[in-house]
Amino acid sequence: MRELSLFTGAGGGVLASKLLGHEVVGYVEFNEYCQQVIAQRIKDGILDEAPIYGDIRTFVSEGYASAYTGLVDVVSGG
């Protein structure tokens, strides 16, 4: 299943999703430190490589959210 993760935090929830066999195709997290943690976990091969978006409001208003329409099976929120 393809997953879009909203309010990802440092990625603990998506680690559980990985155990379920999900492929994360996007991360939305406002906190810069958490973004850095996600980026490092992607670099280390622990999390799926996918874009990391900041503010959820910008994610929606600039059309990124609508770009995922029909591309994901699960939208999760932390």
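Contact, as the word is used in this report, means heavy atoms within 4.5 Å. The structure is a predicted model, in which local features need pLDDT of at least 70 and side-chain atom pairs count only at pLDDT 80 or more, while totals for chains, interfaces and linings use all residues. Residues are numbered from 1 along each chain as its sequence is written, and side-chain values use heavy atoms, with hydrogens and water left out.

**The sheet**

Helices (H or I, at least four residues) and strands (E, at least two) are DSSP runs, numbered from the N terminus, and two strands pair if DSSP finds at least two bridges between them. An open sheet of 4 strands has the order S3-S2-S1-S4, and its pairing is parallel. S3 and S4 stand at the edges with a single partner strand each, so one side of each has no neighbour in the sheet. Strand S1 is joined to S2 by 5 bridges and to S4 by 4 bridges, and both of these pairings run parallel. In general, the strands of a sheet pair through backbone hydrogen bonds, either parallel or antiparallel.

Within these pairings, Leu6 stands opposite Val28 in S2 and has Gly77 as its bridge partner in S4, whereas Ser5 stands opposite Ser76 in S4. S1, helix H1 (residues 12-19) and S2 together make a right-handed β-α-β unit; a crossover is right-handed if, with the strands pointing away from the viewer, the path from the first strand over the helix to the second runs clockwise.

**Three residues and their surroundings**

Buried means under 20% relative accessible area and exposed over 50%, with partly exposed in between (1.4 Å probe, protein chains only). Of the 5 residues of S1, 4 are buried, so this strand is largely enclosed by the rest of the structure.

| Residue | Relative accessibility | Class |
|---|---|---|
| Ser5 | 3% | buried |
| Asp48 | 17% | buried |
| Gly78 | 83% | exposed |

Ser5 has its place in strand S1 (residues 2-6) and, not counting residues up to four places away in sequence, touches Val14, Val24, Gly26, Tyr27, Val28 and Ser76. Asp48 lies in the loop between H2 and S3, and under that same exclusion of residues up to four places away, Asp48 touches Lys18, His22, Glu23, Val24, Tyr27 and Ile42. Gly78 is placed in the segment after strand S4 (74-77), where Leu6 and Phe7 are what Gly78 touches, again not counting residues up to four places away in sequence. Gly78 and Val28 are 50 residues apart in sequence and 10.0 Å apart in space, C-alpha to C-alpha.

**Helix H2**

Helix H2 (residues 32-43) has 12 residues and reaches 16 Å from its first C-alpha to its last, close to the 16 Å expected at 1.5 Å a residue, where the expected span is 1.5 Å times one less than the number of residues. Cys34, Val37, Ile38 and Ile42 are buried in H2. Seen down the axis of H2, these buried residues fall within an arc of 140° (taken from the directions from the helix axis to the C-beta atoms), so they line one face of the helix. Strand S2 (23-28) and strand S3 (52-53) are included in what covers them, while the face turned away from the buried side carries the exposed residues Glu32, Tyr33, Gln36 and Lys43.

At the start of H2, a side-chain oxygen of Asn31 reaches to within 2.9 Å of the backbone nitrogen of Tyr33. H2 is followed by Gly45, whose phi is positive, near 85°.

Key:
A polar contact is a pair of N or O atoms within 3.5 Å; within protein, one must be able to donate a hydrogen and the other to accept it, and residues adjacent in sequence count only if both atoms are side-chain atoms.
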